[in-house]
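Subject: Structure for your review

Hello,

Please find the structure below, followed by notes on what was found in it.

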Amino acid sequence: MVKICCIGAGYVGGPTMAVIALKCPDIEVVVVDISKPRIEAWNSDTLPIYEPGLDDVVKQCRGKNLFFSTDVEKHVAEADIIFVSVNTPTKTRGLGAGKAADLTYWESAARMIADVSKSDKIVVEKSTVPVKTAEAIEKILTHNSKGINYQILSNPEFLAEGTAIEDLFKPDRVLIGGRETPEGRKAVQALKDVYAHWVPEDRILTTNLWSAELSKLAANAFLAQRISSVNAISALCEATGANVSEVTEDQIQRDLAMNKFDWDHPMHLQPTSPTAVKQVSCVWDAYEATKGAHGLCILTEWDEFKTLDYQKIFDNMQKPAFVFDGRNIIDPEKLREIGFIVYSIGKPLDAWLKDMPAVA
């Protein structure tokens, strides 16, 4: 039996290991932490964190192939794969205070792994860490290796609070970074085999170590920028009396009214076309937008558009009703069964379209 140990029983380590245990009954999973109250909570009926669905997952596996313990050294020594999911707070003193990540807990975990290990280990970064942290951890481990081989992998988490269990059950991607050596590729494959118990292979992405570390930081940066931008726009709307939901519309009208090369001009020099504005209306409901329409264009791959009631949409459209799927998110055959004439990028033409005369 493959043995996995996770150092850190927090928000990331606990749920992630619980789902691995549920999906991989042939793997023994132990979550360890030096905090006795936290481990006691994980072993009780009142878990230390709340996530929808987490309680059920833990109860199904705990005591079978999922365990929580304060005996850190014992379980680290026995493990084949060690996830390190310790806190990496922002430094409060010294060089980089207020900006850089404090890797004290990570370094302590690495030294402890080196001290107690008696067999080869795969060590997995789960915490959010600066690029090249794996290299520093690798040096700590190899300088204290005592002949033991360590492979360092980066496997960043992309969980959202409130949907963590759903994100783990159906991840849009699982990223694994490792050394581009035979040993490194073998370690990557070992971790990939764990996730492959329930994650489709095309969603398990493999990269080198540094790319995986940077991907997590980039994702965090994009999220922070998005939140910051929305907050700034919301504050501006509140100050000026504008409605934030009416702003994603004025810009739409401008974009549709502009010529291709006018986009780079300052706002006050951008032309407006009363004709174009009159011909386009903006609504916030897909069913309202398609009512009475001859054709439907799908230009954004939002989940909302994948689950629409297309029979309802067809019933309210003019006939013949056309669908142009520019993102390949719908099943064209199902829509044809409803009665739509469908054109999907890169897929065979609808029989109805094949019979149309060519247009110069």
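**Cysteines**

C297 is exposed, with 53% of its relative area accessible. This is a predicted model, and the structure holds zero disulfides. C5 takes part in none: the nearest cysteine sulfur belongs to C6 and lies 7.1 Å away, whereas a disulfide needs the two sulfur atoms within 2.5 Å. C5 itself is buried, at a relative accessible area of 1%.

**Helix α8**

Helix α8 runs over residues 182-195, which is 14 residues. From its first C-alpha to its last it reaches 20 Å, close to the 20 Å expected at 1.5 Å a residue. Its buried residues are G184, A187, V188, L191, K192, V194 and Y195. These cover an arc of only 150 degrees around the axis, so they sit on the same side of α8. The face turned away from that buried side carries P182, R185 and K186, which are exposed.

**Salt bridges**

The count of salt bridges comes to ten. Three of them are described here, beginning with a pair in α3.

- D55 and K59 form a salt bridge, with 3.0 Å between the closest N and O atoms. The two are four residues apart in helix α3 (residues 54-61), and therefore separated by about one helical turn. D55 is partly exposed at 28% relative accessibility, and K59 is partly exposed as well, at 45%.
- K306 and D303 meet through their side chains in a salt bridge of 3.4 Å, N to O. Here the spacing is three residues, in helix α13 (residues 303-306), which again means a separation of about one helical turn. K306 is partly exposed, with a relative accessible area of 44%, while D303 counts as exposed at 56%.
- E166 and K170 are joined by a salt bridge between their side chains, at 4.0 Å from N to O. The cut-off for a salt bridge is 4 Å. E166 is partly exposed at 43% relative accessibility, and K170 is exposed, with a relative accessible area of 61%.

**Positions listed in UniProt**

The UniProt entry, which is unreviewed, lists F158, L159, A160, E161 and K216 under "binding site". Such annotations may be inferred rather than shown by experiment. Two of these positions were looked at further.

L159 is placed in the loop between β6 (150-154) and α7 (164-169). L159 is buried, with a relative accessible area of 19%; the limit for buried is under 20%. Neighbours within four places in sequence left aside, L159 is in contact with T16, A164, D167 and L168.

E161 is also found in the loop between β6 and α7.

Regards

Definitions and conventions. Residues are numbered from 1 along each chain as its sequence is written. This is a predicted model: local features need pLDDT of at least 70, side-chain atom pairs count only at pLDDT 80 or more; totals for chains, interfaces and linings use all residues. Side-chain values use heavy atoms; hydrogens and water are left out. The expected span of a helix is 1.5 Å times one less than its number of residues. Buried means under 20% relative accessible area, exposed over 50%, partly exposed in between (1.4 Å probe, protein chains only). The arc is that of the directions from the helix axis to the C-beta atoms. Contact means heavy atoms within 4.5 Å.
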